[in-house]
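The sequence and the structure come first, and the description follows.

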Amino acid sequence: MTLTKAELADLLFERVGLNKREAKDMVEAFFEEIRNALETGDGVKLSGFGNFQLRDKPQRPGRNPKTGQEIPITARRVVTFHASQKLKSDVELAFDGTTA
Amino acid sequence: MTKSELIAQLAERFPQLVAKDADFAVKMILDAMSEALVRGDRIEIRGFGSFALNYRPPRVGRNPKSGEKVSVPAKWVPHFKAGKELRERVDQAI
């Protein structure tokens, strides 16, 4: 099973009482607000779930794996996610060394 | 941006809803996402990214204080991979 925006919208419709349109828009807006914050260089802290942070990576040498030709990998900004202590320990406890 | 700032932004976007709805919606979304990972399910949000569990094999670690060897059992840890749109928007912002 995979959780998607459609399931999240269903949940808001059933449990929060938003209408279908609002539920769909709310889920879209939730992720859009997070993208907006990250786009403006602001990290996002969602207590109990985790933090989205930005990392600036300097340019580094790379190689085209097919031709072996050296090409620089340009400097870039990337998003990293750090799960909260709570989420990490809930996941660890649920599996306890077994297969996911 | 914190969770309460996110809730405030969403409440502003949906003036027809009561403020409590935005608060409840954010908590409901985050709970559903946590529960999915705890069940071992993936989360796929087009344009944002995907969350899944990554396996960490068992290893022999060391107590940094005493230097004693300790066996660390295998575990699963949450992992996020940014989607194309998020990756591009964040990178173009520099």
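## A definition and the two domains of chain B

A salt bridge is taken here as a side-chain nitrogen of Lys or Arg within 4 Å of a carboxyl oxygen of Asp or Glu. The model is a predicted one, and by this rule the interface of domain 1 of chain B and domain 2 of chain B holds 0 salt bridges. The count of residue pairs in polar contact between these two domains, with both residues at pLDDT 80 or more, is likewise 0.

The domain assignment of chain B places residues 1-41 in domain 1 and residues 42-93 in domain 2, and the centres of the two domains, taken over C-alpha atoms, are separated by 23 Å. Domain 1 of chain B brings 5 residues to the contact and domain 2 of chain B brings 6 residues. The area buried between domain 1 and domain 2 of chain B is about 490 Å², with 82% of it given by carbon and sulfur atoms. On the side of domain 1, B:Met33, B:Leu37 and B:Asp41 supply 88% of the area buried against domain 2 of chain B, which is more than any other three residues supply. The residues of domain 1 of chain B that touch domain 2 of chain B divide into 3 nonpolar, 1 polar and 1 charged.

## The interface between the chains

The size of an interface is often given as the accessible area lost when the parts come together. Between chain A and chain B the buried area is about 4,900 Å², and carbon and sulfur atoms give 73% of it; the contact draws 53 residues from chain A and 48 residues from chain B.

Between chain A and chain B there are 5 salt bridges, and A:Glu92 forms a salt bridge with B:Lys75, in which the closest N and O atoms lie 3.9 Å apart. The interface of chain A and chain B also has 13 residue pairs in polar contact, both residues of each being at pLDDT 80 or more. Several elements of chain A each supply at least two residues of the side that touches chain B, among them strand E1 (2-3), helix H1 (5-16), helix H2 (20-39) and helix H3 (85-95). The largest share of this side of chain A, 15 residues, comes from H2(A), and the residues of the side as a whole divide into 29 nonpolar, 8 polar and 16 charged.

## Strands across and within the chains

Strands of a sheet pair through backbone hydrogen bonds, either parallel or antiparallel. E1(A) pairs with strand E1 (residues 42-45) of chain B in the parallel sense over 2 bridges, and A:Leu3 stands opposite B:Ile43 in E1(B). An open sheet of 4 strands, with mixed pairing, runs in the order E1(A)-E1(B)-E2(B)-E5(B). E1 of chain A and strand E5 (75-82) of chain B stand at the edges, each with a single partner strand, so one side of each has no neighbour in the sheet.

Within chain B, strand E3 (residues 59-62) and strand E4 (residues 69-72) pair in the antiparallel sense over 4 bridges, and B:Val60 has B:Ser71 in E4(B) as its bridge partner. The hairpin of E3(B) and E4(B) has 6 residues between the strands, and in this hairpin B:Gly67 takes a positive phi near 80 degrees.

Conventions. Residues are numbered from 1 along each chain as its sequence is written. Chains are lettered from A and ligands numbered from 1 in the order in which they are written. This is a predicted model: local features need pLDDT of at least 70, side-chain atom pairs count only at pLDDT 80 or more; totals for chains, interfaces and linings use all residues. Side-chain values use heavy atoms; hydrogens and water are left out. Contact means heavy atoms within 4.5 Å. Buried area is the accessible area (1.4 Å probe) that two parts lose on being put together, summed over both. A polar contact is a pair of N or O atoms within 3.5 Å; within protein, one must be able to donate a hydrogen and the other to accept it, and residues adjacent in sequence count only if both atoms are side-chain atoms. Ala, Val, Leu, Ile, Met, Phe, Trp, Tyr, Cys and Pro count as nonpolar, Asp, Glu, Lys and Arg as charged, and the others, Gly among them, as polar. Two strands pair if DSSP finds at least two bridges between them. Domain bounds come from an automatic or database domain assignment.
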